[in-house]
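Q: Could you take me through this structure? I would like to start with the overall layout and then go into detail.

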Amino acid sequence: ECTIIKGKPVADRITEEVIKDVEKLKVSGIEPSLAIVRVGENPDDMSYERGAVNRCGKTGINVVNVVLSEDISEQEYIKEIENLNERNDVNAILCLRPLPKHIDENKIKNIIEPSKDVDCFSSINTAKVFEGDKTGFPPCTPSAVVEILKYYDINLSGAKVGVAGRSMVVGKPVSMLLMDENATVKICHSRTQDMEKELSDSDIVIAAIGKAEMIDSKYIKEDAVVIDVGINVNSEGKLCGDIDADSVMKKAGMLTPVPGGVGSVTTSVLAKHVVKACRQQNGL
Ligand code: NAD
């Protein structure tokens, strides 16, 4: 019998901790603040922004919304980020990505102040993820995966983890974070020859390939824990993950749903990172 492990209780627990931390900071006269920088009106960006604004509202974090026109030049965008880097009333900066093609992300990632970079855009924070340096900010989605596994008491030490996907947003960082938890990690990707064979001995599978319902029960070991990071639309026009849930539920021990799984935990991790940035900047 497969247990559906939801994100909400995980997000609720993190949110409660953040509320307490923010209250303590406010008693000392400090108000944590997040700037969200959006270019244009991309519906995905706007939906993530709404979620982040709601979560911050619940926790008492102040939000500064910076909305820039689609045709903003790279130079002007850099100025906006530099301005936020300088502002003492902004502890954290979230640049909604991907940026429009004419703005070079490889340039911007080295402009954003690493101590305010709460979603691991900067190379410095990426390096910290790979070095296992806990003073940085891993990207929110992989952190959410680890939070879910820990909340549901899933043993990571010595566990065989199969990760599907090698992006800088999910696959690579989640592999590093799980290796830090002493898991034995195998990373699969689009050129992996036989992903079914590679994944099917894993105790835990993390799916982050962006292919609607591609991974069915053949890829999954009996009783494995399956974390579905994918957000896709299937042939019936319904929101779905990378996991074929109907099939995998017949074999897995635990599965995160889509929606209601990993995606519902990311903004609480974001809020946690904002508090961490604020505390660090205030020498706490
Ligand atoms: P990406 O397109 O950058 O990377 C996809 C990765 O999957 C690549 O490394 C590629 O090698 C691999 N891949 C593609 N097709 C494959 C195949 N057939 N077999 C094996 N590997 C294959 O995507 P991403 O940004 O890493 O996102 C992955 C998924 O996670 C997407 O569905 C995205 O929408 C979702 N996502 C969800 C959240 C969240 O909050 N839940 C956050 C970020 C991304």
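A: The notes below go from the domains to the sheet, the core and the ligand shell.

A: Keep in mind that this is a predicted model.

Q: Which domains does the assignment give for the protein chain?
A: Domain 1 covers 29–115 and domain 2 covers 140–262.

Q: What separates the centres of domain 1 and domain 2?
A: Taken over C-alpha atoms, the centres are 29 Å apart.

Q: On to the sheet. What is the strand order?
A: The order is β1-β11-β8-β7-β5-β6, six strands in an open sheet with parallel pairing. The edges are β1 (3–4) and β6, each of which pairs on one side only.

Q: How do strands in a sheet pair in general?
A: Through backbone hydrogen bonds, in either the parallel or the antiparallel sense.

Q: Let's look at β5. How many bridges pair it with β6?
A: Five, in the parallel sense, with β6 spanning residues 184–188. Within that pairing, V161 has V185 as its bridge partner, and K160 has T184.

Q: And how many bridges with β7?
A: Four, again parallel; β7 is residues 204–207. There V161 stands opposite I204.

Q: Which helix makes a β-α-β unit with β5 and β6?
A: Helix α7, residues 171–180. The unit is right-handed.

Q: Why is β5 largely enclosed?
A: Because four of its five residues, 160–164, are buried, the rest of the structure largely encloses the strand.

Q: Change of topic: the largest nonpolar core. Which residues touch the most other members?
A: I93, L94, V145, I206, A207, V226 and V274, out of 75 residues in that core. The element that gives the most to this core is helix α10 (residues 266–281), with seven residues.

Q: Where does this core lie relative to the two domains?
A: Between them, because domain 1 (29–115) and domain 2 (140–262) both give residues to it.

Q: What tends to happen to nonpolar side chains in soluble globular proteins?
A: They tend to be buried together.

Q: Last topic, the ligand. How many residues surround it?
A: There are 24, and the closest are G165, S167, H189, S190 and G210.

Q: How does that shell divide into nonpolar, polar and charged?
A: It has 10 nonpolar residues, 12 polar ones and two charged ones.

Key: Residues are numbered from 1 along each chain as its sequence is written. This is a predicted model: local features need pLDDT of at least 70, side-chain atom pairs count only at pLDDT 80 or more; totals for chains, interfaces and linings use all residues. Domain bounds come from an automatic or database domain assignment. A residue is near a molecule or strand if its C-beta atom, placed from the backbone, lies within 6 Å of it. Ala, Val, Leu, Ile, Met, Phe, Trp, Tyr, Cys and Pro count as nonpolar, Asp, Glu, Lys and Arg as charged, and the others, Gly among them, as polar. A residue is buried if 20 or more other C-beta atoms lie within 10 Å of its own, exposed if 12 or fewer, and partly exposed in between; C-beta atoms are placed from the backbone. Helices (H or I, at least four residues) and strands (E, at least two) are DSSP runs, numbered from the N terminus. Two strands pair if DSSP finds at least two bridges between them. A crossover is right-handed if, with the strands pointing away from the viewer, the path from the first strand over the helix to the second runs clockwise. A nonpolar core is a set of buried Ala, Val, Leu, Ile, Met, Phe, Trp, Tyr and Cys residues joined through C-beta atoms within 7 Å.
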